[in-house]
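User: Please take me through this model in questions and answers, with the cut-off behind each term stated once.

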Amino acid sequence: MIQFRGIGATDNLSFKSLCVMKLFFSYRHEDTEDLAGRLRDRLCIEFGAENIFTDHNSIPAGVDWKSLLEKSVQESDVVLALMGQKWLNCVNKAGERRLFAADDIVRFELEAARRHERHVIPLLAKDTKTP
């Protein structure tokens, strides 16, 4: 049982109670990569690997990754945004918060979800508070 917390989330929602759907899984590597791998493995068991999009497992070498991200968000039913304690405050080399930088990949994924009117479910990890 995984507990969802955040805007529009349902407490203690079992994956078994959901119908099979396509999921786009967004996370920051430096924040929650360890948890993301374990969660992806569990999602693959419940929904099938072919229904889960994650960057490491779904982007072949040499592909225009931005176009693939856009298409994958568009084809998904739901975007899962795994947020750890560093998710909001990660900084780039210029010292600015990455989420506010135009070239931030997580920002791009969430903006794509908005463009394609996909539901975003925040998954708050490691005692993270809702941003």
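**Contacts, helices and sheet**

User: Leaving aside neighbours within four places in sequence, which residues is Leu68 in contact with?
Analyst: Leu68 is found in helix 3, where helices (H or I, at least four residues) and strands (E, at least two) are DSSP runs numbered from the N terminus. Its C-alpha lies 9.9 Å from that of Asp55, a residue 13 places away in sequence. With contact taken as heavy atoms within 4.5 Å, and leaving aside neighbours within four places in sequence, the partners of Leu68 are Phe53, Ser58, Ile59, Pro60 and Val63.

User: What kind of model is this?
Analyst: Residues are numbered from 1 along each chain as its sequence is written, and side-chain values use heavy atoms, with hydrogens and water left out. Local features need pLDDT of at least 70 and side-chain atom pairs count only at pLDDT 80 or more, while totals for chains, interfaces and linings use all residues, since the model is predicted.

User: In what order do the strands of the open sheet stand?
Analyst: The chain has 4 helices and 4 strands, and from the N terminus on its elements run β-α-β-α-α-β-α-β. Strands pair if DSSP finds at least two bridges between them; strand 1 and strand 2 do so in the parallel sense over 2 bridges, and Leu23 has Ile52 of strand 2 as its bridge partner. The open sheet of 4 strands, with parallel pairing, has the order 2-1-3-4.

User: At which residue does helix 1 bend?
Analyst: Taking the expected span as 1.5 Å times one less than the number of residues, a straight helix of 19 residues would span 27 Å, whereas helix 1 (residues 29–47) spans only 23 Å between its end C-alpha atoms. The bend is the angle between axes fitted to the seven residues ending at a position and the seven starting there. For helix 1 this angle is about 40°, at Leu35.

User: Within what arc do the buried residues of helix 4 fall, seen down its axis?
Analyst: Buried means under 20% relative accessible area, exposed over 50% and partly exposed in between, with a 1.4 Å probe and protein chains only; in helix 4 (residues 105–115) Val106, Phe108, Glu109, Ala112 and Ala113 are buried. Seen down the axis of helix 4, they line one face, because their directions fall within an arc of 160°. What covers them includes strand 1 (23–27), helix 3 (65–75), strand 3 (78–83) and strand 4 (119–124).

User: Which residue joins its side chain to that of Glu70 in a polar contact?
Analyst: Glu70, found in helix 3, is buried, with a relative accessible area of 19%. Beyond its neighbours within four places in sequence, Glu70 is in contact with residues including Phe108, Ala112 and Arg115. A polar contact is a pair of N or O atoms within 3.5 Å; within protein, one must be able to donate a hydrogen and the other to accept it, and residues adjacent in sequence count only if both atoms are side-chain atoms. At 2.5 Å, the partner of the Glu70 side chain is His116.

Technical notes: Arc of directions from axis to C-beta.
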